[in-house]
Amino acid sequence: MGKREYERTQGKKKEHLAVSLDKIFVRDGFNSRDMTKPSTLAKIARLKAAYLRGDHVPMIEVSLVKNRLEIVDGECRYTAACQAHEEMLAQGSPGIIEFHVIWFEGNDIQKMLATITANEGEKLLPIEVCDVVIKLISYGWDSAKIEQSLGYSRQWVDTLLFMARLPEQIKQAIRHDKVSSDVAIKLYKKHDEDAIAIVQAMIDGSSGKVTAKSLPKKPTASLGKYAKSLAESSIDLDPFEGLDLSDDSINYEVVLSAAALRALIAIKASNYPAQQSKDK
């Protein structure tokens, strides 16, 4: 049944249409969601169970493309319905004879925007949203138009565009929840292509998801006792005792209390005239 015929017979564009599953197709590369990641596979399994039980599942949205119904929103539901249908047939049941869908009104750009803004189901991850943003850029959109249409800040759009440039190995690690996007971005900015091996090593050495807390911390020299000695002008303590200061690759972070900072400034000021005389 064509779209115009459907509208004449049903009268309402948003009223559902019952079709067979084989009339529906998924456009290759249209959906930015990674259908192989564990969370998505688990979601499909839950939806499949719902179809098998006969529970209500929200309808998918489709558009008419060359006399076929293309999915705009609901690929997980469609995949689950197909799996449930096959299982029903294997058990001698007729399967899902009628699958209910609703029309989507809009062009390709509006379809892409709908994949981000759709209210049904699981939201796209940022790494998946960045793929949609790149497609919008290819249609001639600029950052300002993306900000306005999606309600994003300029900083977030810039982050998405940078994320889109990450190597595919790192993108897959983010999609499969092995490493957080902020860690991946930070490492890639600092190490460029070498970040691929660094991220993989961190994943191999971690029992869970690699997050910002997993990054090695800068060694810190505690100056608590040193600050007290400066303030009281008593014993001479070395706050760097036990630290290897010959290694320039290690960036030591020195923590000073307000009292210690005032003491250091006072010492520097008291030595300044003598230093001037020495220089002369």
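**Notebook: salt bridges and helix packing**

I began with K48, which forms a salt bridge with E87, the closest N and O atoms lying 2.8 Å apart; by salt bridge I mean a side-chain nitrogen of Lys or Arg within 4 Å of a carboxyl oxygen of Asp or Glu. This pair links distant parts of the chain, since K48 sits in helix α2 (residues 38-53) and E87 in helix α3 (residues 75-90), 39 residues apart. I took helices (H or I, at least four residues) and strands (E, at least two) as DSSP runs, numbered from the N terminus.

Before going on, I noted that this is a predicted model, in which local features need pLDDT of at least 70 and side-chain atom pairs count only at pLDDT 80 or more, while totals for chains, interfaces and linings use all residues. Residues are numbered from 1 along each chain as its sequence is written, and side-chain values use heavy atoms, with hydrogens and water left out.

I then looked up the accessibility of E87, which counts as partly exposed because its relative accessibility is 28%; buried means under 20% relative accessible area, exposed over 50%, and partly exposed in between, with a 1.4 Å probe and protein chains only.

I next turned to D177 and K209, whose side chains meet in a salt bridge of 2.9 Å, N to O. D177 lies in the loop between α8 (168-175) and α9 (181-191) and K209 in the loop between α10 (195-204) and β6 (220-222), so the pair ties together parts that are 32 residues apart in sequence. D177 counts as partly exposed at 46% relative accessibility, and K209 counts as partly exposed at 38%. I also recorded that R27, E70, D108 and K111 are linked in a network of salt bridges.

Turning to the helices, I looked at α7 (residues 154-164), which packs with α9 at an angle of about 70 degrees, their axes being 11 Å apart. Axes are lines fitted to C-alpha atoms, for helices over the stretch in contact, and angles run from 0 to 180 degrees between N-to-C directions. The two helices α7 and α9 are therefore roughly perpendicular to each other, a label given to angles of 65 to 115 degrees, with those under 35 roughly parallel, over 145 roughly antiparallel and the rest oblique.

Which residues meet where α7 packs with α9? I listed T159, F162 and M163 in α7 and S181, I185, Y188 and K189 in α9, contact meaning heavy atoms within 4.5 Å.

I checked α9 against α10 as well, and their axes come within 9 Å and cross at roughly 140 degrees. That makes α9 oblique to α10. In this pair, L187, Y188 and H191 in α9 meet A195, I198, V199 and M202 in α10.

Last, I returned to α7, whose buried residues are V157, L160, L161, F162, M163 and A164. What covers them includes α5 (126-138), α6 (143-150), α8 and α9.
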